[in-house]
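Notebook open, model loaded. I wanted to jot down what I looked up, going strand by strand and then on to the helices and loops.

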Amino acid sequence: MAFGSLREGAEGSNCTRICANCEQIPHFWYPSPSLMTQRTPIIGGNWKMNTGLESGMNLAGCVVDMVNTIESCEVVVYPPFPFLQAIESVIDSSRVSLGAQNIWHEESGAFTGEVSGLMLKEVGVTSVLIGHSERRHIFGESNDVISKKVAVGIQEGLQVVLCIGETLEEREAGDTLKVVLSQLEAGLSNVEASQMVKVVIAYEPVWAIGTGKTATPEDAQKVHSAIRSSIDEMYNSEIAQQTRIQYGGSVKPENATDLFACKDIDGALVGGASLSADSFTAIVMAARNS
Ligand code: PGA
C-alpha cells in the first residue's frame, strides 16, 4: 500500500499563508493506484458566492502551494466573477487553472448583468461551469439556454463543464436516468464529435448538493455508467471513453476515495469542501491516487 497524508503534503509545500478556512483534519490514508484509467481526473473547486477578495486570494495561494507538486490530476478553481483577475494573479504559472461559474451566450451588447466568453478569456479563464443546478433551479435556466452557452463556451476555446442532475422528487419518482440523460442530450445538442475534447460532464444530484448527503458510490457509478453509454450512442465509444465525468454533491476527504474508486467517476466538482485548502487538497490527493 502506498500512502500519503495531508499533513506531510502541507508541510512539504511550505504553505505559510494564514487561511481562515483551513481546518485541522486527521491524516488520511490513500490506496495505491489500482484502478488506473487513461482519463486524467479533474477536481474543480466551485466557490459559489463565497470568500472576499483577500480571503479568496489566500485560499487560492494555499491551494497552489499544496497541490502544485501533485501530478496526474487537473485542478480548477471557480471563484466569484469580481475576483477572477486577482485570483489569476495568484495562480498564474501554477498547475491550478482559473474557471468561471457562468457565461452568457452572446459576445457583447445589452445584456445587463451578464458576462461573455470573450471577457472571461481576457482575464485568464480557461474553464466554465454551465447548467449548475443552482442556475437551473434558482435562476430558471432552461436546457435551451444551457445548450447555447455550451456551444459558445466551446467556440471561445474554453473547457466546458456541463452540469446535470436530478432533484429528490425526480429520484423518488424513479426518473433519475430519464432526467439526467435528457439534460445531457440537450446540453450536447450543438456539440460536434471533434469538440467533445473540450467537454467535461459533472453529474450532481441536486439533493446531494450542500446537504451533506452523498450518493453511494454504487448509485453514482450507475448514473455515470449510463451517461458514458449515452455519450457512446450520441458519438462513439472512443469519445465516450475519453470524456471525463465528475461527481458532485457533498464530496469531502472522507468520501472521495470510495467515489474515485468507481470506474466511471473521473474526479469531482466540490462546493463546500473547496473553501478549505486542506480539504480540497485531500480530495485532489485522493483523485491522484485513484
Ligand atoms: P457541495 O457543492 O460540494 O457543497 O455539495 C457541489 C456543487 O454545487 O458543485
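My entries follow, starting with the ground rules.

**Ground rules.** I'm working from a predicted model, where local features need pLDDT of at least 70, side-chain atom pairs count only at pLDDT 80 or more, and totals for chains, interfaces and linings use all residues. Residues are numbered from 1 along each chain as its sequence is written.

**Barrel.** I traced 8 strands closing into a barrel in the order β1-β2-β3-β4-β5-β6-β7-β8, with parallel pairing. From one strand to the next, the twist averages 25 degrees. For my labels, helices (H or I, at least four residues) and strands (E, at least two) are DSSP runs, numbered from the N terminus. Two strands pair if DSSP finds at least two bridges between them.

I then checked β1 (residues 42–46) against β8 (residues 267–270): they pair in the parallel sense over 4 bridges. Opposite G45 I found V270 in β8.

**Strand β4.** I looked at both neighbours of β4 (residues 127–130). β3 (residues 96–100) pairs with β4 in parallel over 2 bridges, and A100 has V128 as its bridge partner. β5 (residues 159–164) runs parallel to β4 and is joined to it by 4 bridges; here I130 is partnered with L162.

Which residues of β4 are buried on each side? I noted S127 and L129 on one side, V128 and I130 on the other. Buried means 20 or more other C-beta atoms within 10 Å of a residue's own, exposed means 12 or fewer, and partly exposed is in between, with C-beta atoms placed from the backbone.

I also followed the chain from β3 through helix α4 (residues 117–122) to β4, which makes a right-handed β-α-β unit. Right-handed here means the path over the helix runs clockwise from the first strand to the second, with the strands pointing away from the viewer.

**Helices α2 and α3.** I found α2 (residues 53–67) and α3 (residues 84–91) packing at about 30 degrees, axes 9 Å apart. Axes are lines fitted to C-alpha atoms, for helices over the stretch in contact, and angles run from 0 to 180 degrees between N-to-C directions. The two are therefore roughly parallel to each other, a label for angles under 35 degrees.

I flagged K48, in the loop between β1 and α2, for a positive phi of about 55 degrees although it is not a glycine. K48 counts as partly exposed because it has 19 C-beta neighbours inside 10 Å. S93, in the loop between α3 and β3, also has a positive phi, near 55 degrees. Buried or exposed for S93? Exposed, with 7 other C-beta atoms within 10 Å.

Notes:
Parallel < 35°, antiparallel > 145°, perpendicular 65-115°, else oblique.
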